[in-house]
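Trainee: I have the model open and I want to check the labels put on it. Can we go through them one by one?
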Amino acid sequence: MFSKSTEYALRAAIYIAKNSTEEKKIGIQEIAEAIDSPQSFTAKILQLLTKDNKVVSSITGPHGGFYMTKKAKNLPVRAVLDAMNEDKMLDKCVLGLAKCSESKPCPMHAKYKIIKEQLIDLFETETIGKLAYDAKSSGVYIGNKKK
C-alpha cells in the first residue's frame, strides 16, 4: 500500500517510540537492524522524520542518537505519512485513475470508499505511542526477523 520508505519509516517511528526516551537515545545501527532496513536507507528515512524535530528528535555527538519526545509519541500515525510525503496516498483512487470521483467512479470506488474512510480514521486516531506500547506489551513485532 505504501512505499518501502514509508513502511520503514513507520517501523522506525514505532521502534524509536518503544525504546527511547529523552535521556536514552538510540543509534542508527540499532534502528536499522531492528526494522530490517539497510543502514544508509534508514539514515535517509530518519532525515525526513527528524525534519523540524516533529516526529523524531536527534542529537549529534558521542552521547547522541535518536529519540522521541512524549509529545511526539502522542502524534497520530498520519504524522509519519505526512513526514514521508505520502499523506496524499489516502486520497488516491485504488486503481490509480486520475479522474475517479463520486460523479465518475471507477469500478471499485463505492466499496473502496468505505475502506479508505476506515484507513484514514485509523491513521488519524492511532498514535505512535500506542503502537509502541502494543509492540512492547503484546509480543507483536516490527521487523521481519524474529528476535
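Mentor: Start with exposure. Buried means under 20% relative accessible area, exposed means over 50%, and partly exposed lies in between. Keep in mind that this is a predicted model.

Trainee: Then why is K130 called partly exposed?

Mentor: Its relative accessible area is 40%. K130 sits in helix α7.

Trainee: How far is the C-alpha atom of K130 from that of E23?

Mentor: The two C-alpha atoms are 20 Å apart, and 107 residues separate K130 and E23 along the chain.

Trainee: What does the chain contain overall?

Mentor: Seven helices and two strands. From the N terminus, the order is α-α-α-β-β-α-α-α-α. Along the principal axes, the C-alpha atoms fill a box of roughly 60 × 30 × 30 Å. Of the 147 residues, 41% count as buried.

Trainee: What share of contacts joins residues at least 24 apart?

Mentor: The share is 65%, taken among contacts between residues at least 6 apart in sequence.

Trainee: What makes α1 roughly perpendicular to α7?

Mentor: The angle. Helix α1 (residues 4-19) and helix α7 (residues 128-137) pack at about 70 degrees, with axes 8 Å apart. The perpendicular class runs from 65 to 115 degrees, so α1 is roughly perpendicular to α7.

Trainee: Which residues make that contact?

Mentor: From α1, A13, I14, A17 and K18; from α7, I128, L131, A132, A135 and K136. By class, the contact of α1 with α7 has seven nonpolar, no polar and two charged residues.

Trainee: Why is the pair of Y8 and F41 called edge-to-face?

Mentor: The ring centres are 5.5 Å apart and the planes stand at 85 degrees. Over 60 degrees counts as edge-to-face, so that is the label for Y8 and F41. Y8 lies in helix α1 and F41 in helix α3, so the pair ties together parts 33 residues apart in sequence.

Trainee: Are those two residues buried or exposed?

Mentor: Y8 has a relative accessible area of 10%, so it is buried. F41 is at 26%, so it is partly exposed.

Trainee: Which residues have the most contacts inside the largest nonpolar core?

Mentor: I31, L49, V55, M68, V80 and I128, in a core of 37 residues. The elements giving two or more residues to this core are α1, α2 (28-35), α3 (39-49), α5 (78-83), α6 (109-125) and α7. α1 gives the most, with nine residues.

Trainee: What does V55 touch beyond its neighbours within four places in sequence?

Mentor: L49, M68, A72, L75, A79, V80, A83 and I128.

Trainee: What stands out in the backbone at D36?

Mentor: D36 has a positive phi of about 60 degrees, although it is not a glycine. D36 lies in the loop between α2 and α3. At 18% relative accessible area, under the 20% limit, D36 is buried.

Trainee: And why is N85 counted as exposed?

Mentor: N85 has 63% relative accessibility. The cut-off is over 50%, so N85 counts as exposed. N85 is in the loop between α5 and α6. It also has a positive phi, about 55 degrees, without being a glycine.

Terms used. Residues numbered from 1 in each chain as written. Predicted model: local features only at pLDDT ≥ 70, side-chain atom pairs only at ≥ 80, totals over all residues. Heavy atoms only, no water. Axes fitted to C-alpha atoms, helices over the stretch in contact; angles between N-to-C directions. Helix = DSSP H or I, 4+ residues; strand = E, 2+ residues; numbered from the N terminus. Parallel < 35°, antiparallel > 145°, perpendicular 65-115°, else oblique. Contact = heavy atoms within 4.5 Å. Nonpolar A, V, L, I, M, F, W, Y, C, P; charged D, E, K, R; others polar. Core = buried A, V, L, I, M, F, W, Y, C linked by side-chain atoms within 4.5 Å. Buried < 20%, exposed > 50% of the residue type's maximum accessible area, 1.4 Å probe, protein only. Phe/Tyr/Trp six-rings, centres within 6.5 Å; stacked < 30°, edge-to-face > 60°.
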